[in-house]
Amino acid sequence: MTLDAVLFYAFGAVALASAVVVVAQRNPMYSAFALIVTLGALSGVFGLLGSTFIAVLQVIVYAGAIMVLFLFVLMLLSVRAEDAAEAAGGRTLKTVALALGALLVAQVGAALARAARGADAIPAAFDASPRRVAAVLFSPQYAYAFEATSILILAALVGAIALAGRDHLTGKDA
């Protein structure tokens, strides 16, 4: 096994383990920090796959800017650790979670079966240069999604500030 393969599996294992921590952690701050680790590991995977531009963007944009925004909003809202779920509501949530987990396992199995047949092979000359990524991202095909994402992020930020301001004005300590 080559060093690249060992590093790929190591980054994949770190990404998977920290993603489980993101979901399983009850404290939102710890979840946000685990998400930073996940994004860093994914950056390593992209770098090993030869897509250095995407790897650098992963660190700068997601692990850097977006996570700083998430942490800022969490601190602004003074979010505390999640309480244990109610008995009746917890049972329903566990059933839904198990069903969605089974669906995920089925989808991963189907994807692995297609990959074993060679149906979804990645072309050898995959170009992830900044020029190519920008041409695809800013093409008319993705213009609506790009603008909708920016509006969604702005709405989330305004909502977080409005919620924090309302608690501050009413004198509530979150």
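Notes on the model: it is predicted, so I took local features only at pLDDT of at least 70 and side-chain atom pairs only at pLDDT 80 or more, while totals for chains, interfaces and linings use all residues. Numbering runs from 1 along each chain as its sequence is written, and side-chain values use heavy atoms, without hydrogens and water.

Ser-18, continued. A polar atom of its side chain lies 3.3 Å from the backbone oxygen of Ala-15. Beyond neighbours within four places in sequence, Ser-18 touches Ala-34, Val-37 and Thr-38 (contact means heavy atoms within 4.5 Å).

H2 and H3. I checked helix H2 (residues 28-48) against helix H3 (residues 52-77): their axes, lines fitted to C-alpha atoms over the stretch in contact, come within 9 Å and cross at roughly 175°, on a scale from 0 to 180 degrees between N-to-C directions. That makes H2 roughly antiparallel to H3 (over 145 degrees). The residues that meet include Phe-33, Leu-39 and Phe-46 in H2, and Tyr-62, Met-67 and Phe-70 in H3.

Rings. I got one aromatic pair (ring centres within 6.5 Å). Phe-8 and Tyr-9 have their centres 5.7 Å apart and planes at 75°, so the pair is edge-to-face (over 60 degrees). Phe-8 is partly exposed at 32%, and Tyr-9 is exposed at 53%.

How values were computed. Helices (H or I, at least four residues) and strands (E, at least two) are DSSP runs, numbered from the N terminus. Angles under 35 degrees count as roughly parallel, over 145 as roughly antiparallel, 65 to 115 as roughly perpendicular and the rest as oblique. Rings of Phe, Tyr and Trp (its six-membered ring) pair if their centres lie within 6.5 Å; planes under 30 degrees apart count as stacked, over 60 as edge-to-face and the rest as tilted. Buried means under 20% relative accessible area, exposed over 50%, partly exposed in between (1.4 Å probe, protein chains only). A polar contact is a pair of N or O atoms within 3.5 Å; within protein, one must be able to donate a hydrogen and the other to accept it, and residues adjacent in sequence count only if both atoms are side-chain atoms.
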